[in-house]
Amino acid sequence: MRPGKKTRQRGGDNSYWTSYSDMMAGMLFVFALILFAAVYQLVDLQQKKTVELQTKEAQLSTQQSLLIDQEAELKDKEELLAATTLALQQQQQELDENRTALTSAQESLSLQQSKIEEQAALLAAQQAQIELIYATWKDGDAPGAVQAADRFLQTYPNHANADYVMYLKALATLNETDSWFNKLAGEDLAERDANASREAFDIFKELVMRYPDSRFTPEARRRMHGLVLAQAEHELKTARYYFVRNAYVAAIERAQRVVREFQNTPMRDDALELIAQSYEALKLTELAADTRRIIELNKNGTIAQPSR
């Protein structure tokens with residue numbers, strides 16, 4: 001081979017290698033740039049991702065805090081709901097109890113109302129019986145009034161108007177047809193039946209003893225006093241009846257009854273005088289004198305009774 005040709009060949013080889021080297025260097029530079037760009041992008045992306053991740057972590061932390069707060073709030077609401085539910089249950093229980101109590105009270109009220117109505121009906125019936133007793137007595141049916149009064153007092157011994165019924169019974173027993181508080185001055189009680197007078201006296205006496213505060217008690221006392229005087233007068237009239245018919249023993253017995261049973265009445269001294277006259281008529285002078293002595297003692301305020 002020629003020298004010149006070899007030199008050109010070498011020069012060409014060197015140029016090739018130089019171009020190749022430059023090309024490789026350029027490629028390496030480009031690769032380095034690409035790599036740098038890639039690394040830069042990767043770093044930038046990583047930074048962005050890191051920032052994004054931190055942002056999300058912050059958001060997540062915020063959300064977690066918010067969730068915790070919400071959970072705490074929810075728990076508080078649940079507790080409040082539970083407390084409210086319990087309060088509502090208690091209120092419902094109280095309401096049920098109140099409803100039960102109200103029902104019981106209504107039933108009790110209804111029962112009491114029924115009892116009141118029954119009591120009112122009973123009182124009305126009792127008042128009607130009392131008015132019937134009065135009407136029967138005023139119509140002149142004294143025995144019917146006494147029987148009706150007895151039935152009423154036996155059935156209702158503790159009635160509020162038992163004193164009034166007892167008073168009507170006493171008046172009916174006397175066959176009294178005048179007004180309650182009319183005085184007895186216009187009527188001679190001594191002419192009445194003695195047994196009726198004694199029965200009426202006993203009824204008035206029972207009225208006074210059982211009902212001392214009754215508004216009928218003063219009138220009953222007055223009538224008792226009148227009956228005592230009437231019975232004494234009746235016995236004295238009977239004694240005089242026997243005396244004028246010369247039944248001196250019977251006259252003495254009747255007169256002595258006046259002295260024994262009615263010694264606090266004005267008839268006592270008249271009865272003693274009749275006894276003395278009867279003894280004189282029988283020629284029992286000692287007994288007559290004894291009786292006269294008793295009359296004198298009584299005039300001096302000493303109460304004495306003749307010997308039998």
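Me: Before the rings: what makes two rings pair here?
Reply: Rings of Phe, Tyr and Trp pair if their centres lie within 6.5 Å. This is a predicted model.

Me: OK, how many aromatic pairs by that rule?
Reply: The count comes to 7 aromatic pairs.

Me: Take Phe 243 and Tyr 248. Why is the pair edge-to-face?
Reply: Their planes are at 70 degrees, so the pair is edge-to-face; planes over 60 count as that. The ring centres are 5.4 Å apart.

Me: And Tyr 248, buried or exposed?
Reply: Tyr 248 counts as buried, at 17% relative accessibility. Phe 243 is partly exposed, with 21%. The cut-off for buried is under 20%.

Me: Which residues form an aromatic cluster?
Reply: Tyr 164, Tyr 167, Phe 204 and Phe 216 form one.

Me: Switching to the largest nonpolar core. Which residues have the most contacts inside it?
Reply: Ile 133, Val 165, Phe 204 and Leu 207, in a core of 30 residues. Helix 3 (162-173) gives the largest share of this core, 9 residues.

Me: What does Leu 207 touch, leaving aside neighbours within four places in sequence?
Reply: Leu 207 is in contact with Asp 163, Met 166, Tyr 167, Pro 212, Phe 216, Thr 217 and Ala 220.

Me: Now the largest pocket. How much space lies in it?
Reply: About 160 Å³. Helix 4 (194-210), helix 5 (217-244) and helix 6 (248-261) each give two or more residues to the lining.

Me: How does that lining divide into nonpolar, polar and charged?
Reply: The lining has 4 nonpolar, 2 polar and 5 charged residues. Among the lining residues are Arg 198, Asp 202, Glu 235 and Arg 257.

Terms used: Residues are numbered from 1 along each chain as its sequence is written. This is a predicted model: local features need pLDDT of at least 70, side-chain atom pairs count only at pLDDT 80 or more; totals for chains, interfaces and linings use all residues. Side-chain values use heavy atoms; hydrogens and water are left out. On a 1 Å grid over the protein atoms alone, a cavity is a set of points where a 1.4 Å probe fits but cannot get out, and a pocket is an open set with protein on both sides within 12 Å along at least five of seven lines; lining residues have an atom within 4 Å of a point. Grid points are joined across faces, edges and corners, and a volume is the space filled by probe spheres set on the points. Helices (H or I, at least four residues) and strands (E, at least two) are DSSP runs, numbered from the N terminus. Ala, Val, Leu, Ile, Met, Phe, Trp, Tyr, Cys and Pro count as nonpolar, Asp, Glu, Lys and Arg as charged, and the others, Gly among them, as polar. A nonpolar core is a set of buried Ala, Val, Leu, Ile, Met, Phe, Trp, Tyr and Cys residues joined through side-chain atoms within 4.5 Å. Buried means under 20% relative accessible area, exposed over 50%, partly exposed in between (1.4 Å probe, protein chains only). Contact means heavy atoms within 4.5 Å. Rings of Phe, Tyr and Trp (its six-membered ring) pair if their centres lie within 6.5 Å; planes under 30 degrees apart count as stacked, over 60 as edge-to-face and the rest as tilted.
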